[in-house]
Amino acid sequence: MAVNLVNVEQVSKVYGTRALLDGVSLGVSEGDRIGVVGRNGDGKTTLIRMLAKLEDADTGRVTHNGGLRLGVLTQHDSLDPEKTIRQEVIGDLADHEWAGSAKIRDVLTGLFGGLALPGFEHGLDTVIAPLSGGERRRIALAKLLIDEQDLIVLDEPTNHLDVEGISWLAGHLRTRRSALVCVTHDRWFLDQVCTRMWDVQRGTVHEYEGGYSDYVFARAERERIAATEESKRQNLMRKELAWLRRGAPARTSKPRYRIEAANELIADVPPPRDTSELMKFANARLGKTVFDLEDVTVQAGPKTLLTHLTWQLGPGDRIGLVGVNGAGKTSLLRALAQAARTQGDEQPAAGKVVVGKTVKLAYLSQEVTELNPNLRVLEAVQQVRDRVDLGKGREMTAGQLCEQFGFTKEKQWTPVGDLSGGERRRLQILRLLMDEPNVLFLDEPTNDLDIETLTQLEDLLDSWPGSMIVISHDRFFIERTTDRVMALLGDRALRMLPRGIDEYLERRQRMEEESTPSAAAPRTSTAAAAAPAVSAQEARAAKKELQKVERQLDKLSTRETALHKQIADNATDFGKVAGLDAELRELVTERDELEMRWLELAEDA
């Protein structure tokens, strides 16, 4: 029988006149892996701080099992700025001792990319004081994971980690014997790691078995049965459930809830996006040209990030952009934005960017634009526009859009200066969308947003017609809102990944293995030297054919979606289903051949 590690009994906590937690009773046992979700400000962090006895409850009590070894990662680290990374993470261990520990090697490689800490000027001997908040946070996480604990409490552990780091952390936590309580808005991470969920809502905590997918189903079912007046939120949960059941391109595991009940619940929910309809509308708004790049070089200061880039962003394209830190994701967006602002007058370091005449760009950067702190939320939105056209006859007022983004009627009259970081981020996105752009660049849009706000943003983007590029470390958000994934792997080239983020992680792992000195290294370099050189003319031809193959893959993807829908619509007509299934198998074979051709061309290009 599992030992109870922590008991929370009838705990209440009040801030000002607001009860964050009201008579909450919970328990954490050995082997539990619990994800904590809820809106910003509803008490998630307060709950886990009281669980860890970092904060006292107003009433009730929290008890720990005797001798409990507890590790906590808060949003503000307690590292000594005068110490080095070595002193904080490894302590007094000699080099041969820590280097001989598989656990320490795994943590340092997973969080920093290598035992020498390549991102830090002096490696392990780097002093902590001048480091950024993100770097300090990774150091605090490494220090925590190297130790042994009975229970680990993590508050937003995926912040400041890239896609590879998040994937490594999920795998690491799954293999640990420690119990886990984790607050995060990263839904892919929750699905990979957690076996139970706590949903913090209006002073109470609802418990669910399973990971995030199971939680979405159970909560939607509970709200349906309860028939609450929150029909809007319920519909959003059902729509996300439909997405999870149909399966995103790169999801590797299926939800574990009852298939029959889930299918019944989403029977009348349409696909998240009508891609062909949005494409028609995008063409009408944008014309044929959005951004055409020919032999472009992108630089950041003296550093060259991308060379000989020939690429096209077309009307209605929804691109997820991933890559190693410093490879040029943000710099590429800035170069395109600069060309758009000057209508092509300002060009990158080399090459040419052609901007469509009808392009109206909205660029959400990682920095939150400062607004007049005395403005009310609604006034800040109305400064941009009073009403917004969502297409197909749909229109929303500034107030309605504010409500969709979680600003209730009361909250709309809150001064901007009183908003939290997450609320300001929401307001920034809202103001961008109110300006009715037809091209969106979103650079880390999920920062500081809770899960409910993310589902609302995704729902809004589902019906938004235009071209979009999303940079994000939130794997779920990229898979949910975009149709294609492209990557910057640090080799000054942009590559399409037919299999999405799974393929990106595989390629990065191969690159790491190839860069590690081994007996196989000479053979690799010899093979590369023996490969015939590709001329500039052949490379240009390969790039053109590459674009043609990408367009064919897009058409096949659209046809595949239509076939799946036809099969579902004619489920009782076995003859028709057999014919459609045969066509689907031929299409899959054709797609596989095109993907292989794409990989061959990518090498030449």
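Two strands pair if DSSP finds at least two bridges between them; strands (E, at least two residues) and helices (H or I, at least four) are DSSP runs numbered from the N terminus. The model is predicted, with local features needing pLDDT of at least 70 and side-chain atom pairs counting only at 80 or more, whereas totals for chains, interfaces and linings use all residues. Residues are numbered from 1 along each chain as its sequence is written, and side-chain values use heavy atoms, leaving out hydrogens and water.

Q: What makes β19 and β20 paired strands?
A: Four bridges join β19 (residues 484-488) to β20, and the two run antiparallel; pairing requires at least two bridges. A487 stands opposite R495 in β20.

Q: Why is one side of β14 and of β20 left without a neighbour in the sheet?
A: The open, mixed sheet has the order β14-β17-β18-β12-β19-β20. β14 (361-364) and β20 (494-497) stand at its edges, each with a single partner strand, so one side of each has no neighbour in the sheet.

Q: Why are α4 and α5 called roughly antiparallel?
A: Helix α4 (residues 102-112) and helix α5 (residues 133-146) pack at about 160°, with axes 10 Å apart. Axes are lines fitted to C-alpha atoms, for helices over the stretch in contact, and angles between N-to-C directions run from 0 to 180 degrees. Angles under 35 degrees count as roughly parallel, over 145 as roughly antiparallel, 65 to 115 as roughly perpendicular and the rest as oblique; α4 and α5 are therefore roughly antiparallel.
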